[in-house]
Amino acid sequence: MDKLIKALKETGEYEDTSYCLLYGNPITPSSVVIFEKAWVFEIAVNAFKNQMKNLFICVIGIPCPKCINFIKTIKTKKILYIGDLDPTSFFTFLTLSYAKRKPNPKDKPKLKINYAGVTLKDYQKYLSAKEESLIKISEYERVILNFVEKFKLPNLMREIEFLKRTGRKVEIEGICRCFKIVQSKKIQEEKIKEFENYLKVKLKI
């Protein structure tokens, strides 16, 4: 586990920030959508602002204990998680499902969370399976991926196999070619609208 924690700290997303971002109905939401990245959360808020019977949460990387405890208190039948097609995002999905920062494969998931993040199918559909859209997985990410693989996640078997076989990952910025939105902070209405449509298809809320 020490090797894993060291790898997680390398990601820069394992800090105990003790906060998360919220938007929508925190009392009795129709559904909860948990975002890994703040910029995706912000675009989703704009895309769904007229139907906020739901609750949007951004955990800003790997969620802190306080954020996890808050999510455990929410009463809803539908919880979705959206992140990258990469080891850290899959680990974040595990921390949420098992409701602990150090999940154990021997334990049972505490929360029923559906993965709605980037999949291999998305990569093939939106990026035409181009190699240029892939980013090399670092050594510390391989440590995280090997840990995630122990959980034998049925809905992510193909994705994990893809990451291990290619040694490459796909970040959500690649979808609809949104890298420029994030890097330049410049408003690109057409790309943002494309990404909003992508989120609406993925989330179905």
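## An aromatic cluster

Phe35, Phe41, Phe48 and Phe56 make up one aromatic cluster. The model is predicted: local features need pLDDT of at least 70, side-chain atom pairs count only at pLDDT 80 or more, and totals for chains, interfaces and linings use all residues. Residues are numbered from 1 along each chain as its sequence is written, and side-chain values use heavy atoms, leaving out hydrogens and water.

Rings of Phe, Tyr and Trp (its six-membered ring) pair if their centres lie within 6.5 Å; planes under 30 degrees apart are stacked, over 60 edge-to-face, and the rest tilted. By this rule there are 14 aromatic pairs. Phe35 and Phe56 form an edge-to-face pair, with 5.3 Å centre to centre and 70 degrees between the planes. Phe35 sits in strand E2 (residues 32–35) and Phe56 in strand E3 (residues 55–58), so the pair ties together parts 21 residues apart in sequence. Helices (H or I, at least four residues) and strands (E, at least two) are DSSP runs, numbered from the N terminus.

Buried means under 20% relative accessible area, exposed over 50%, and partly exposed in between (1.4 Å probe, protein chains only). A nonpolar core is a set of buried Ala, Val, Leu, Ile, Met, Phe, Trp, Tyr and Cys residues joined through side-chain atoms within 4.5 Å.

The largest such core has 69 residues. Phe35, Phe56, Ile172, Phe195 and Leu199 touch the most other members. Helix H2 (residues 38–47) supplies the largest share of this core, seven residues.

## Helix H4

In helix H4 (residues 87–97), 11 of the 11 residues are buried, so the helix is largely enclosed by the rest of the structure. Among them are Phe90, Phe91 and Phe93. Just after H4, Ala99 takes a positive phi of about 55 degrees.

## Helix H1

Helix H1 (residues 2–10) has the buried residues Leu4, Ile5, Ala7 and Leu8. Seen down the axis of H1, they fall within an arc of 160 degrees, so they line one face of the helix. The arc is that of the directions from the helix axis to the C-beta atoms.

The face turned away from this buried side carries exposed Asp2, Lys3, Lys6 and Lys9. The buried residues of H1 pack against H4 and helix H6 (139–149); contact means heavy atoms within 4.5 Å. Gly12 follows H1 and has a positive phi, near 80 degrees.
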